[in-house]
Each structure stands twice: as structure tokens, then as C-alpha cells.
Amino acid sequence: MGRRLCVFGDLHQDCPENAWDPVAHAPPDGFDVAVVAGDVHVPLMRGLDWLGERRQHQGRGPP
């Protein structure tokens, strides 16, 4: 069974010019694994919260 991978990188959600939400542009049929390669948000803990919020929004339960 294959796994579907979605890769996000250098999101910089702390910068006003990058306030768009890439999860809205994720594959429409979903994915099994998300790779988030650094620079999501400053501070790092806010980046983890940001990812957790999206996971819950996608109906996948708590991170």
C-alpha cells in the first residue's frame, strides 16, 4: 500500500506577506504524511500549534 506525501517548507507564517494557508491547497483527496521542513513560524512553539490546528481542522483528531 502506497503512502501519499505532502511537503511544506519555509512557510514563515509569522510574516504578514505569507499569511495564506497552504493546507487549503493540499491534495484534495488528502495525504497520509505531511513533511514540514522548517521555518513555519517564530517562535517554534507557535509553529507546532499552527500545525496542530490544521490537523484538527482536517478531522484527524488531536496531534
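This is a predicted model: local features need pLDDT of at least 70, side-chain atom pairs count only at pLDDT 80 or more; totals for chains, interfaces and linings use all residues.

Me: What percentage of the residues of the protein count as buried?
Reply: The protein exposes about 4600 Å², and carbon and sulfur atoms supply 57% of that area. A residue is called buried under 20% relative accessible area. Of the 63 residues, the buried share is 22%.

Me: What share of the contacts with a separation of 6 or more comes from residues 24 or more positions apart?
Reply: The count takes in contacts between residues with a separation of 6 or more. Within that set, residues 24 or more positions apart account for 66%.

Me: Do E1 and E2 run parallel or antiparallel?
Reply: Strand E1 covers residues 5-9 and strand E2 covers 33-37. They are joined by 5 bridges. In one of these pairings, Leu-5 has Val-33 as its bridge partner in E2. The direction of E1 and E2 is parallel.

Me: Which residues make up the uncovered face of E1?
Reply: In a regular strand, side chains alternate between the two faces of the sheet. In E1, Cys-6 and Phe-8 form the covered face. The uncovered face consists of Leu-5, Val-7 and Gly-9.

Me: How much accessible area do the residues of the nonpolar patch have together?
Reply: The patch on the surface is formed by Leu-5, Val-7, Val-33 and Val-35. E1 and E2 each supply at least two of its residues. Leu-5 and Val-7 also belong to the uncovered face of E1. Together the patch residues have about 330 Å².

Me: Is Val-33 buried, partly exposed or exposed?
Reply: Val-33 is found in strand E2 and is a member of the nonpolar patch. Its relative accessibility is 36%. Buried means under 20% and exposed means over 50%, with partly exposed in between, so Val-33 counts as partly exposed.

Me: Which residues are linked in a network of salt bridges?
Reply: The structure holds 3 salt bridges. One of them joins Asp-29 to Arg-4, with the closest N and O atoms 3.7 Å apart. Another joins the side chains of Asp-32 and Arg-4 at 3.6 Å, N to O. The network therefore consists of Arg-4, Asp-29 and Asp-32.

Me: How many residues apart in sequence are the parts tied together by Asp-29 and Arg-4?
Reply: Asp-29 and Arg-4 form a salt bridge. Asp-29 lies in the loop between E1 and E2, whereas Arg-4 lies in the segment before E1, so the pair ties together parts whose separation in sequence is 25 residues.

Me: How many residues separate Asp-32 from Arg-4?
Reply: The side chains of Asp-32 and Arg-4 meet in a salt bridge. Asp-32 is in the loop between E1 and E2 and Arg-4 in the segment before E1, so this pair also links distant parts of the chain, with a separation of 28 residues.

Me: Is Asp-29 buried, partly exposed or exposed?
Reply: Arg-4 is partly exposed at 36%, and Asp-32 is partly exposed at 39%. Asp-29 has a relative accessible area of 55%. The cut-off for exposed is over 50%, so Asp-29 is exposed.

Me: What is the N to O distance in the salt bridge between Glu-53 and Arg-46?
Reply: Glu-53 is partly exposed at 37% relative accessibility. Arg-46 is partly exposed as well, at 27%. Their side chains meet with an N to O distance of 3.0 Å.

Me: How far apart in space are Leu-51 and Val-40?
Reply: Leu-51 is found in helix H1, residues 44-57, and is partly exposed at 28%. Leu-51 and Val-40 are 11 residues apart in sequence. From C-alpha to C-alpha, the distance is 8.7 Å.

Me: What is the phi of Asp-10?
Reply: Asp-10 is found in the loop between E1 and E2. His-12 is found in that loop too, with a positive phi near 45°. Asp-10 is not a glycine, yet its phi is positive, at about 50°.

Definitions and conventions: Residues are numbered from 1 along each chain as its sequence is written. Side-chain values use heavy atoms; hydrogens and water are left out. Patches are made of residues with over 30% relative accessible area and no salt bridge: like charges are joined within 9 Å, nonpolar side chains (Val, Leu, Ile, Met, Phe, Trp, Tyr) within 5 Å. Accessible areas come from the Shrake-Rupley method with a 1.4 Å probe; for residues, only the protein chains shown count as cover. A salt bridge is a side-chain nitrogen of Lys or Arg within 4 Å of a carboxyl oxygen of Asp or Glu. Helices (H or I, at least four residues) and strands (E, at least two) are DSSP runs, numbered from the N terminus. Buried means under 20% relative accessible area, exposed over 50%, partly exposed in between (1.4 Å probe, protein chains only). Contact means heavy atoms within 4.5 Å. Two strands pair if DSSP finds at least two bridges between them.
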